[in-house]
Amino acid sequence: MAEITNQTSQNKNKRTQCNKKSTRVDLTPMVDLGFILITFFIFTAALTDAKAMNLVLPNDKEIDVTDAVCESCALTFILASNNQLFYYEGKEENALYKTSDYSSTSIRKLIVEKRKRVMNKIGKDNMVLIIKPMGHSNFKNLIDVVDECSISVVKRYYIDELTESENKKIAEISLPIISQ
Amino acid sequence: MPKVKLPRKSTIVDMTAMCDVAFLLLSFFILATKQKPQEVLSVTPPNSISAKAAPDKSILITMTKDGRAFLTLGDDTKKSAILENINLTKGLNLTPAELAKWNKDEFIGLPLNQIKGSLTLKTPIPPSKLPGIPIQDSATNEMVDWLASVTNVYAGGDQAKLQEMLLVKGDNQALYPVFKNIKLAFKKNQLFKFRIVTNGEAVPVGSELYLNPPVKK
């Protein structure tokens, strides 16, 4: 697309007649290229910076620090295989297992509604989330739930292990494990 | 009334200036962005809404998809001290020359008893063949020993700073038991706070955090 204009010189001297070519080059494609590269670099640069999320573990050694949790304040999530999510409210003995999933519409709604119920009953935000990942749940599942806790500003949550009876119960109701 | 004659002007604009600006910006962005360190261990971390940037100097535990664990000692000032410490406490019998060679490794991904052997090899084992630090069961969890050495070396220093440096980076598909054993290793060394490397994500509109963001100190 370089524009070259032929200018025949109107020189009267016929011996030195040569056609002068313009040295102007159309720079539009070069500008295009420059901006494409800029956008590429901006996008890749923005995607590479990793973020860090805090995770605090409970100190099991300090046994004297007991923290009573009211029964109606507890909400337990059980992260099972194949991205299945189970939950129950209150104590384990009379737990009613329900299924949910990791999408924002279901898990976030669960937490928000639970908080409302706790607020209505007790008058303050005493909700406690217990996260129990199973052996075949993956890291993403766990981080998703912990992230939901920070999205919904859950003050108290902890990661725990499943009990025997819970394991049995989940084995009955969950889908068989598909090896990944 | 005579017609007003408008002189015809060429629509061609001189692009030189614009070209200059484009490349000036380009060179600025290239120089301003940090070079991404080459990733030998391919890991796709999960997303989170956390906005805190992960520190460059860190003690990073990487969990791969297939359940192997690696340790990267990013703090060059303390790296050799940590390696020397584990050499002493676990009786690896490494010579100073071997320690110096080990110090050049980017990350650690071998059981302790295989380290001396690997340092005598002429060609290093490729990362895909490394077995990782054994953490599969709690009896032979070598991450405990590693973190013990780390705490030993940082013992006199700023503990809050150490907490900021402890990072765990896991693949989306890594299974939970691997993370559980890493968690146990932290706990056994009285380290109760660490951070997880994630990809940033925007806070969802309408959520509690979105409506009432925490007041910045």
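Tutor: From its N terminus on, chain A has its elements in the order β-β-α-β-β-β-β-α-β-α-β-α. That gives four helices and eight strands, where helices (H or I, at least four residues) and strands (E, at least two) are DSSP runs numbered from the N terminus. This is a predicted model, in which local features need pLDDT of at least 70, side-chain atom pairs count only at pLDDT 80 or more, and totals for chains, interfaces and linings use all residues. Residues are numbered from 1 along each chain as its sequence is written, while chains are lettered from A and ligands numbered from 1 in the order in which they are written.

Of the 180 residues in chain A, 25% are buried. A residue is buried if 20 or more other C-beta atoms lie within 10 Å of its own, exposed if 12 or fewer, and partly exposed in between, with C-beta atoms placed from the backbone. Most residues other than glycine have a negative phi. Asn83(A) is partly exposed, because 13 other C-beta atoms lie within 10 Å.

Now for where the chains meet. The contact takes 42 residues from chain A and 48 residues from chain B; two residues are in contact if their C-beta atoms, placed from the backbone, lie within 7 Å. On the chain A side, helix 1 (28-48), strand 3 (51-56), helix 2 (104-122) and helix 3 (139-151) each supply at least two residues. Helix 1 of chain A gives the most to that side, with 11 residues.

Chain B has eight helices and five strands, following the pattern α-β-β-β-α-α-α-α-α-β-α-β-α. Its radius of gyration is 26 Å, well over the 17 Å that the globule rule gives for 217 residues, so chain B is more spread out than a compact globule. This radius is taken over C-alpha atoms, and the rule is 2.2 Å times the number of residues to the power 0.38. Taken along the principal axes, the C-alpha atoms of chain B fill a box of roughly 105 × 50 × 35 Å.

Let us zoom in on the packing. The largest nonpolar core has 65 residues, and Ala69(B), Leu167(B) and Ile182(B) have the most contacts inside it. Such a core is a set of buried Ala, Val, Leu, Ile, Met, Phe, Trp, Tyr and Cys residues joined through C-beta atoms within 7 Å. Helix 7 (residues 176-188) of chain B gives the most to this core, with six residues. Leaving aside neighbours within four places in sequence, the contacts of Leu167(B) include Ala52(A), Ile59(B) and Phe194(B).

Helix 7 of chain B also packs with helix 5 (residues 142-153) of chain B at an angle of about 40°, their axes 8 Å apart. Axes are lines fitted to C-alpha atoms, for helices over the stretch in contact, and angles run from 0 to 180 degrees between N-to-C directions. The contact is made by Met143(B), Val144(B) and Leu147(B) of helix 5 and by residues of helix 7 including Ile182(B) and Phe186(B).
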